[in-house]
Amino acid sequence: MHEDLKMELFKDIEEEQPLTVSELTDYVKEILEGNFKSVYVVGEISGFKKAFPSGHSYFVIKDDDSQISCNLWSFRYNQINFKPEDGKRVLIRGSIRLYKLRGTYSIDVATIEEFGLGELQAKFEKLKKKLSEEGLFHEKYKKPLPDFPERIAIITSESGAVIEDFKKVASKRYPSVKLFLYPVMVQGKGSADSICSAIEKANRSQNDYDIIVIARGGGAIEDLWSFNEESVARSVFKSKIPIVSAVGHEIDFTICDFVADLRAPTPSAAAEMILPDSTELFRNLDLSQGNLHKYVKSRLRNLSETLDNIEKSYSFNKPNDIISEFSLRIDEIGDEIFGIISNRLKYLNQNLENTGKHLVNSFRSQNEKIRIYKRNFRELDSRLNHLIKERIKLIRSDINQKNKLLENLNPDTILRRGFTYITKNDIILSRKVNAEIKDYVKIHFSDGEVGAEIHDYN
Amino acid sequence: MQKKKTNNGTFEAAYKKLEKILAELENNIEEKSLDDILNNYQEGLNLLKICREKLSEAELKIEKIKNET
């Protein structure tokens, strides 16, 4: 693009055609602004002006040989955290802008910060980290402050508002406190040393301080720098007397604040925080006095009422009643004991009864079982009887039958029908061959026998 | 370290003693003899007086410590 521009520019020159001022300015503007869209520059502020009503600021930054105009728009002015003043060295980021109307160029400021601030900040963070790791900020090292400090050492500048502010609050809240001022330099070369030696001196003092207050009003970080020095931090840490740090304003934190036993946002606040309020204390004392009277009075009243009661009491006047009451009491005790014993007996009785009932119950259940067995047995028995009877009947009829059969076979029966039999020498003669003539035989009839002699033999 | 702080001369010592006596009276008065109660009462009144005097003491005093080392 720039090549194109150049070509165009040379072309015009070659053709000996003059440019208008505006045309040339436009060329320059394009080249300049195109090449310096982002600049980063360090310099010293000079001729700082804030225009009204726009609120835009105009100034130049310069070094020994050159200067450049700068514009700081109002909305950006509100974003910066320091007060730009003549003489301050600053770091600026921005872009180059050409102002056509005048043919001048300037820096359009995007950010502006104090030169060296970043360096201090880094130093601060580094020391903070180091001391924190060493444990200097640890809660366990924080010494408690007394409730009612009598003597306070203040390490601050002799001149300036700080000591006056502190005095004002102190005399309002707790005028009986005694303040001891240790004047020191609170900024610049040697200030850290003077603060350290004041801390040591206060610790060695015969005044026996209750608290040391280290105070300074607000300021820029470099103004408060002595309170960020390692030597001050170590002196504060070493102090046997509790130290309150009241350096700067609410938002300013210093290393000294972190090491101190208490950090107050401002010197006046320090006075408020460490001193009791005597108005309130007076009120408390009134209250305490009221309570003191109340407790003692009510106890005395109690005691005298008790005395009255004893004096007026029936028993105090009638010892006999005491005795009879006592014997009543004995009776009562007797009754009580009797009651206890009879209760005990009742209980035992109850137990016995319960056991008996239990036994009876178990008998009953046994009986029931026996009854069931018996019933079962009876049933079995009758069934068996029946079976036996049936069997006997059967056997009987069988016998009868057999009897009849037998009867039919009985010889007597046969004899009764007309048959006879013959015996020879009491042996039945059943064959002819066994009979011989002249044999004596007996003929048997059903109703008796007769003798006979065989004489016919064919 | 906290040496002469505990003597009765300071406001703190008197105030704390007073608080102690009051707490005693509030909680244990029935176990105390009449003599003790009256002694406590007397002491309480004294301490109140000391406290009030200390609080009313003069203007704020400030002393400058000379800077020679």
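**Polar contacts.** I began with chain A and chain B and found 11 residue pairs in polar contact between them, both residues at pLDDT 80 or more. A polar contact here is a pair of N or O atoms within 3.5 Å; within protein, one must be able to donate a hydrogen and the other to accept it, and residues adjacent in sequence count only if both atoms are side-chain atoms. I noted that α10(A) gives the most to the side of chain A that touches chain B, with 16 residues; helices (H or I, at least four residues) and strands (E, at least two) are DSSP runs, numbered from the N terminus.

**Ground rules.** This is a predicted model, where local features need pLDDT of at least 70, side-chain atom pairs count only at pLDDT 80 or more, and totals for chains, interfaces and linings use all residues. Residues are numbered from 1 along each chain as its sequence is written, chains are lettered from A and ligands numbered from 1 in the order written, and side-chain values use heavy atoms, without hydrogens and water.

**Salt bridges.** I looked up 3 salt bridges between chain A and chain B (a side-chain nitrogen of Lys or Arg within 4 Å of a carboxyl oxygen of Asp or Glu). One of them joins Arg52(B) to Asp286(A), at 2.8 Å from N to O.

**Contact.** With contact meaning heavy atoms within 4.5 Å, I see 41 residues from chain A and 39 residues from chain B taking part.

**Charge over a ring.** I also found the charged end of Arg263(A) over the ring of Phe253(A), 3.8 Å from its centre. The test asks for NZ of Lys or CZ of Arg within 6 Å of the ring centre and within 35 degrees of the ring normal. Arg89(A) sits likewise over Phe115(A), at 4.7 Å.
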